[in-house]
Structure formats: C-alpha cells, structure tokens
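Morning, everyone. Please have a look at the structure on the screen, and then I'll walk through it.

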Amino acid sequence: METLEAIRKRKSVRKYQQRPVEKEKLLKILEAARLAPSAKNLQPWHFVVVTDQKVREGIARGTIYARFIKDAPVLIVGCGDPRSKFYQIDVAIALQNLVLAATDLGLGTCWIGDFREEKVKRLLGIPDRLRVVALVTVGYEKEGLDISRKVLHTFRKRKPLEEMVHWERF
Ligand SMILES: Cc1cc2nc3c(=O)[nH]c(=O)nc-3n(C[C@H](O)[C@H](O)[C@H](O)COP(=O)(O)O)c2cc1C
C-alpha cells in the first residue's frame, strides 16, 4: 500500500473482532514506531502492549469515550520520558507511524485520550518517572451495522484546506 493510500484509508475503528492479532504484525507495527523521528534522536518512548482482557477492562472502566478498549484485542500504551522537552510530540509521531503501519497490514486502530493516567500506570507497572501520552487500540475491524457509526461519521469530516493553509503569510 502506498503511504498516501494508508493515510486516506485510516479511520478510527471502535468495533473489533475477537480474532487475535498475529505477533508478526504486532512486531511490524512496533518496528514502525521504533523508526519514528524524535527531537535530538532521544527516542524518549516506551510502548506497553496489552492483550490481557482483565487489564483492558480495568483501563476501560470509568471512561466515557474508551469503553471499547475492553473489546479490542490489543491496546498499545504510549509512554514518554518528560526529561525530553518534546516527549509528547515524539510519542505521538511514533504512535501515528504505528497506526499507519497497522492500516497497511489491514488492522483497525483508534487513538484514545480518554484514560486515567494513574490507573493505567498502576495496572501496568509503569514507572513514576514516565508519563502516559496516549493509547491506541489495535485489532481487526468488525464490519457490519454499527449504529454509532452514523453519529461518529460526522466527527470524521475535515475542514477544507483553505481554512487551514496560509501560503507565505497567515
Ligand atoms: C489524541 C487523540 C485522542 C483521541 N481520543 C479518543 C477517545 O478517547 N475516544 C475515541 O473514541 N476516539 C478518540 N480519538 C479519535 C478521534 O475522535 C478521531 O480521530 C476523529 O474523530 C477523526 O475521525 P477518524 O479518526 O475516523 O478520521 C482521538 C484522537 C486523537 C488524535
């Protein structure tokens, strides 16, 4: 798949099949994250790969927009080291690399910002010195009628280029 095709095809997937994700595919998308650029090449990131159902349920509980974490076979937890000034940007770039690689391999993903950091850290044994930047669910999309899809579709609209691009000067 061409890069542009993967960028166009990617969408937030919130309904997943129970089918597990192959280890080779997980390693490929993690490798895509590993290759991401980072400020001063500090690579200030760690990725926790969570498949355990009970743990995913624990992370999903209490959220409003991330209940589907419990149904996604894999959850990637993106952590950053705040000693690096740009850790949030770096982790985000790495996670988006992972997301696009997953799209390329036929996997669905969804970025998640709705999580309780302290709870995630406690459940996963993430050291105090690190911050949790974002989560990404990974799995095979469950196709078919999704009632929330219609509603969610409105969130997929993009502003026109003219509204955001300023040639030469703002
Ligand atoms: C940083 C970030 C946090 C997000 N958090 C959530 C979330 O907690 N729950 C959710 O369902 N979607 C979440 N999303 C997905 C967005 O809602 C989605 O990307 C946006 O509506 C555009 O739709 P699309 O991804 O299908 O193109 C998040 C996206 C980003 C980039």
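How many aromatic pairs does a search of the whole structure find? One. The rings of Trp 45 and Phe 47 have their centres 6.3 Å apart and their planes at 35 degrees, so the pair is tilted. The cut-offs: rings of Phe, Tyr and Trp (its six-membered ring) pair if their centres lie within 6.5 Å, with planes under 30 degrees apart called stacked, over 60 edge-to-face, and the rest tilted.

A word on provenance. This is a predicted model, where local features need pLDDT of at least 70, side-chain atom pairs count only at pLDDT 80 or more, and totals for chains, interfaces and linings use all residues. Numbering runs from 1 along each chain as its sequence is written, and side-chain values use heavy atoms, leaving out hydrogens and water.

Back to the pair. Trp 45 is buried, at 10% relative accessibility. Phe 47 is partly exposed, at 22%. Buried means under 20% relative accessible area, exposed over 50%, partly exposed in between, using a 1.4 Å probe and protein chains only.

Next, the strands. Strand β3 covers residues 108-112, and four of its five residues are buried. β3 pairs with strand β4 (residues 131-139), antiparallel, over five bridges. Pairing requires at least two DSSP bridges between two strands. Trp 111 has Val 136 in β4 as its bridge partner.

Last, Lys 23. It lies in helix α2, residues 23-34. Helices (H or I, at least four residues) and strands (E, at least two) are DSSP runs, numbered from the N terminus. Lys 23 is exposed, at 58% relative accessibility.
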